[in-house]
Amino acid sequence: MREALANANRFLHRKKEKEVEILDLKNLTFRGGVHPDGNKDLSNQAPITRAKEPALVSISMHQHTGAPCEPTVQVGDTVKIGQIIGNTEAFVSAPIHASISGTVKEITTITTPTGMKTKAVVIENDGREELGYIEMDRKLEDLSADELKKIVRDAGITGLGGASFPAHVKFAPPADKPIDSVIINGSECEPYLTADQLTMQTWPEKIIRALEAILKILGAPNGYIVIEDNKPEAIKAMQDAAAGHANIQVAALKTKYPQGDEKRVIDVVLNRQVPSGGLPMDVGAVVSNVSTAIAVHDAVYRNKPLYERVITLTGHALAEPKNLIVKMGTPLEELIEQAGGFRETPGKIISGGPMMGMAQPTLHTFTIKGMGGLLVLTEEEAKKPKTSNCINCARCVEACPVRLEPLQIERAVNALDFDRAEAYRPLDCIECGACSYTCPAKRPLVEAIRLAKYEIRAKMQKAR
Ligand code: SF4
Ligand code: SF4
């Protein structure tokens, strides 16, 4: 039934604009979700500009899912931009590159914006901006799928949408999991953040060329670019860039949080449901964020490793919200300065957006590959809501895109009954925060679910 509706809807709602078709999938949104204030207008008119070159960077050796890297340089070494400074033999990992040229001052331990303590290479800038790689002008037809995968690995590309999964691993599914669809995710459903939107408006052709490269790596016939319908300029830019590419379609999705979650995107675009505990490859799909696509483009066609990315600096307590190209390892204090400093006393500083971001206890930390935003809330916005008793309204259940029962998980956690909590499938939770957002009693549902996940995983580990 849903498939018939999907096909009919796609057929009826396809619009012709110039010669480029757009898939209008707004009526096929996922179940659940919420509508928080977007607050994107703070920064969505700010063109992408380059941040000032940092005087010093502290580059974490663990910026990805998988094994951490070990430094390949020593104190006193001279390094150049794009030179590998951390690596490992592990398959699920990604090398780390210098983002500035200069001298290695220290190899130390830092706490990253994710709260993880990691080894880091500290480099002092010599101001020369010397490149440690050769800029090239490569053509896709000259490269095999295996060569492309190696380029992606060597460039240290990880998912820049937040998960930081090494891209070369995602692009190497087992032979029994053929991929027929690659989706470039420009949904950017997280409030405040605009880096992906501006990236699509600034470099749409690069995204299309990156998608062509990923399709070649995976031998997949179909490419999609998906964008929420609150970004008409980005939709238009991608439509124009996709003209003449018969195998690539641009799809407009309903603006609803968490539309950008990859399983929701696959559900809406392909009408396929990733099974509990499964991955997109289980249903023949790979999803990559638009910023990841830019990194793939730069690596494949220009031989440029991943050492910088676009970050949105935003929030009502920040003087001049911006979208900046920032070198990895830049101190957060410097970014705040470059956005004009604080407009008023900040109440909370978050790496990422307000729904899934991480509150920062200090600004004495440094950017990493997975960080796409820095949000500064006012004291008023950051006030903790008063929690009251659950009134059994089931709004949290209705909002949950994964069809969980957050109130039941929280009750089991409060009773320290983690076996009962497990029966409500907390491991399937994507920690989108929609349940907490919608709860009229302001229950700390996500926090309870995180605790349940931690306890269940610890139990599984012990059993192993
Ligand atoms: S239970 Fe998890 S997936 Fe469901 S709404 Fe809450 S945070 Fe999102
Ligand atoms: S939304 Fe809040 S108050 Fe309503 S059932 Fe869920 S936990 Fe209880």
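Predicted model: local features only at pLDDT ≥ 70, side-chain atom pairs only at ≥ 80, totals over all residues.

Residues are numbered from 1 along each chain as its sequence is written, while chains are lettered from A and ligands numbered from 1 in the order in which they are written.

**Confidence**
- Two residues are in contact if their C-beta atoms, placed from the backbone, lie within 7 Å.

**Overall fold**
- You'll find 15 helices and 19 strands in the protein chain; these are DSSP runs (helices H or I, at least four residues; strands E, at least two), numbered from the N terminus.
- The chain is as compact as a globular protein of its length, because its radius of gyration is 22 Å, close to the 23 Å that the globule rule gives for 464 residues. That radius is taken over C-alpha atoms, and the rule is 2.2 Å times the number of residues to the power 0.38.
- The C-alpha trace spans about 60 × 50 × 50 Å along its principal axes.
- Of the contacts with a separation of 6 or more, 74% are between residues 24 or more positions apart.

**Domains**
- An automatic or database domain assignment sets the bounds: domain 1 (2-30 + 144-302), domain 2 (56-125) and domain 3 (395-463).
- The centres of domain 1 and domain 2, taken over C-alpha atoms, sit 30 Å apart.
- Where these two meet, nine residues of domain 1 are in contact with 11 of domain 2.

**Ligand 1**
- Its shell has 16 residues, the closest being Cys400, Cys429, Cys432, Ala434 and Cys435; a residue counts as near if its C-beta atom, placed from the backbone, lies within 6 Å.
- Helix 14 (434-438) and helix 15 (445-463) each give two or more residues to this shell, and helix 15 gives the most, with three.
- By class, the shell around ligand 1 has 14 nonpolar, one polar and one charged residues. Nonpolar means Ala, Val, Leu, Ile, Met, Phe, Trp, Tyr, Cys and Pro; charged means Asp, Glu, Lys and Arg; the others, Gly among them, are polar.

**Ligand 2**
- Residues around ligand 2 include Cys390, Cys393, Cys396, Cys439 and Arg443.
- This shell splits into nine nonpolar, one polar and two charged residues.
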